[in-house]
Amino acid sequence: MSSKIRDYNKLAVDILNELGGKENIINASRCATRLRLVTKTTPEQAKEKIAKLPGVITVVEKGGQIQVVIGTHVDKVYNAFIQLVDINNQAVNNNETNILNRIIATMSAVFAPFVYILAASGILQGILILLKLAFEGIESTGTFRVFDFISWAPFTFLPIFIAITASQHFRCNLYIAVACCAALLSPTWAEFAKLISDGQEIDLFGIALSKTTYASTVLPPLFLVWLLSYLERFLEPRLHSIIKPVLLPLFSLVIMVPLTLLIVGPLTANGAQYIADGYNWFVNLAPSFAGGIIGAVWQVFVIFGVHWGITPVIVENFKQYGQDSFQAFQTIAVIGQVGAAFGFYLKTKTQEMKGISLSAFITGLFGITEPAIYGVNLRFKKPFIYGCISAACGGIVAGFFSPHYFAYAGLPGPLTIVNAISPNSPSSFIGVAIGSLIALVGPVVLIQIFGTGETKQDESAIENDTPKVLLDELDITSPMTGHALPLSEVPDPAFAQKLMGEGIAIEPTDNHVYAPFDAEVTAVFENSKHAIGLTLDNGVELLIHVGIDTVNLTNNEFAYHVELHQKVKKGDLLISFNPEAIKQAGYPLITPIIIVNTDQYQFISLTDKTEVTVDDIIFKIKQ
């Protein structure tokens with residue numbers, strides 16, 4: 001089972017090593033609970049090995065990605081991971097994966113970074129719905145109208161968010177992408193579209209323009225940025241470096257915006273509408289059947305990471321009709337797993353699983369079900385099955401009430417049920433509420449009757465899975481000679497903000513790194529050799545990172561004198577380096593020395609000396 005994550009950098013290093021090093025990484029991103037990685041190839045047994053790492057809940061390979069499910073600490077692991085790889089220099093070539101996987105990977109990379117923005121806006125819309133019900137006439141007040149347009153702003157300008165994330169995914173210029181998508185949202189184009197809709201013909205190069213508008217759209221800006229990435233790669237080598245900064249955005253704007261207005265926009269916008277209409281036809285034909293299917297299988301889609309694929313349909317429904325039924329049924333499916341986690345909490349006898357399941361239940365209230373699924377429900381199988389069965393029953397019942405959401409929910413769940421409230425459709429909220437109640441109570445009852453799925457061996461393993469106790473007090477000497485500095489003075493936010501742990505920095509006056517304690521070498525960086533990870537015999541885990549951004553140096557500026565998994569003694573030479581070559585390349589020599597498992601200690605005292613040698617103590621640590 002996964003343990004509490006304390007050593008984020010070590011976990012990032014271990015994941016990278018199992019995936020074959022930074023040269024094998026094409027892309028890295030994250031969502032609420034997953035580190036999402038695109039690799040050139042997947043090393044044999046990599047998934048199984050990563051799944052066994054402390055802090056990893058499970059690993060899913062789907063949608064063209066290696067999805068490492070970590071939980072709510074994923075941001076810290078991601079921050080550590082991106083320090084180890086140079087993604088921008090990797091070749092963008094993922095043609096070996098099938099087209100469905102590539103589409104799903106793209107949707108995930110585009111929407112995951114700003115899903116919380118949409119969730120916050122959806123919650124605000126839900127609050128406004130309640131205020132309208134509670135206070136007659138409040139919607140005509142200036143205050144209400146201001147918060148109303150605030151709540152809709154992220155959806156209105158959704159193409160801008162897509163431009164930002166899609167440009168990162170497709171490796172094109174962010175500012176050019178934003179400029180192109182901003183043109184689609186121009187008030188002038190909205191006026192043109194209205195005139196065209198009223199029957200007036202407006203042409204571009206003699207071709208009549210479509211009345212398509214692009215506020216709140218998904219596919220038009222996504223395809224625009226995708227095509228822009230190819231245009232940039234065509235123009236880049238053909239433009240002289242002196243004029244490229246001006247001509248590249250100029251050509252991009254005058255080519256991509258007209259191309260989108262004439263062809264890309266109308267085709268993709270109509271395509272999204274046809275898909276949404278097909279889904280709506282199915283739901284209108286058999287609402288209870290659709291509700292049962294979505295309730296039963298939606299969380300299975302989440303397991304395989306393909307759930308982002310439905311987003312364009314949902315957004316199109318809200319854009320065209322101001323309502324969507326999928327999120328109503330989706331909420332019931334989410335609540336089924338939330339109920340399963342709570343039922344597990346009530347039934348389990350092990351204290352650690354009580355803590356894990358209660359935490360997963362609380363997280364699920366906000367619409368994030370991965371901790372519940374991977375930490376509890378799927379692990380013991382029965383809770384997951386009971387959650388799906390209950391959600392299916394809830395969806396079937398809700399279908400009789402024609403349920404819809406009238407405000408977008410970025411993360412559908414218990415807190416967004418109010419989004420189903422509408423004076424014009426009073427049965428909608430009733431259906432969602434009843435369906436959600438069935439989905440919540442059903443797995444609780446089933447688990448109490450049929451059990452959690454735990455075995456005696458599971459209970460024994462959980463009870464004995466306690467953290468190793470390290471020394472009560474210990475001193476660690478400096479691995480190098482130089483000027484000591486606080487981490488806040490390191491010109492790198494990941495170190496300066498202590499995202500990787502507590503520590504100190506040294507500006508070296510020597511060119512050697514020595515073992516500060518008897519230890520095992522647990523992390524190396526074969527290409528650059530700029531850093532080393534050590535697990536000391538007393539349990540402390542150290543990262544010694546010579547210089548800032550020196551991972552980019554691969555011309556023998558550094559040399560290892562040890563190898564991975566080698567046992568070393570205090571004072572053994574670990575790394576030597578060429579200070580002049582590093583400075584000539586433009587990289588600072590400031591060396592962060594980080595205790596990556598900081599959370600295991602109650603007290604870490606840093607030296608107050610400004611000059612240190614390998615004999616000076618830089619850390620005093622108490623358990």
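This report describes the overall dimensions, strand pairing, surface patch and salt bridges of a single predicted chain.

The model is predicted, so that local features need pLDDT of at least 70 and side-chain atom pairs count only at pLDDT 80 or more, while totals for chains, interfaces and linings use all residues. Residues are numbered from 1 along each chain as its sequence is written, and side-chain values use heavy atoms, with hydrogens and water left out.

## Overall form

The chain contains 21 helices and 20 strands, where helices (H or I, at least four residues) and strands (E, at least two) are DSSP runs numbered from the N terminus. Its C-alpha atoms fill a box of roughly 80 × 70 × 50 Å along the principal axes.

## Strands and their pairing

Ala-28, found in strand E1 (residues 25-30), is buried with a relative accessible area of 7%. Ala-28 and Asn-578 are 550 residues apart in sequence, and their C-alpha atoms are 31 Å apart in space.

Strand E4 (residues 65-69) is largely enclosed by the rest of the structure, because five of its five residues are buried. In a regular strand the side chains alternate between the two faces of the sheet. In E4 both faces are covered, with Gln-65, Gln-67 and Val-69 buried on one side and Ile-66 and Val-68 buried on the other. Strand E2 (residues 34-39) runs antiparallel to E4 and is joined to it by four bridges, two strands being counted as paired if DSSP finds at least two bridges between them. Within this pairing, Leu-35 stands opposite Val-68 in E4.

An open sheet of three strands has the order E10-E16-E14 and antiparallel pairing. Its edge strands are E10 (512-514) and E14 (558-560), each of which pairs on one side only. Neighbouring strands of this sheet are turned by 15° against each other on average, direction ignored; the axes are lines fitted to C-alpha atoms, for helices over the stretch in contact, and angles run from 0 to 180 degrees between N-to-C directions. E10 and E16 (residues 573-577) are linked by three bridges in the antiparallel sense, and Tyr-514 stands opposite Leu-573 in E16.

## A nonpolar surface patch

Trp-281, Phe-282, Leu-285, Phe-289, Ile-293, Val-297 and Phe-301 form a nonpolar patch on the surface, with about 700 Å² of accessible area together. Patches are made of residues with over 30% relative accessible area and no salt bridge, like charges being joined within 9 Å and nonpolar side chains (Val, Leu, Ile, Met, Phe, Trp, Tyr) within 5 Å. Accessible areas come from the Shrake-Rupley method with a 1.4 Å probe, and for residues only the protein chains shown count as cover. Helix H11 (244-285) and helix H12 (287-303) each supply at least two residues of the patch, and the largest share, four residues, comes from H12. Phe-282 lies in H11 and is partly exposed, with a relative accessible area of 30%.

## Salt bridges

A search of the whole structure finds seven salt bridges, each defined as a side-chain nitrogen of Lys or Arg within 4 Å of a carboxyl oxygen of Asp or Glu. Examples are listed below.

| Pair | N to O distance |
|---|---|
| Lys-10 and Asp-14 | 3.0 Å |
| Glu-236 and Lys-244 | 3.1 Å |
| Asp-518 and Lys-569 | 3.9 Å |

Asp-518 lies in the loop between E10 and strand E11 (519-524) and Lys-569 in the loop between strand E15 (567-568) and E16, so this pair ties together parts that are 51 residues apart in sequence. Asp-518 is partly exposed at 25% relative accessibility, whereas Lys-569 is exposed at 54%.

Lys-10 and Asp-14 are separated by about one helical turn, because they are four residues apart in helix H1 (residues 8-18). Lys-10 is partly exposed, with a relative accessible area of 22%, whereas Asp-14 counts as buried at 13%. In the remaining tabulated pair, Glu-236 is partly exposed at 31% relative accessible area, and Lys-244 is partly exposed at 21%.

Technical notes: Buried means under 20% relative accessible area, exposed over 50%, partly exposed in between (1.4 Å probe, protein chains only).
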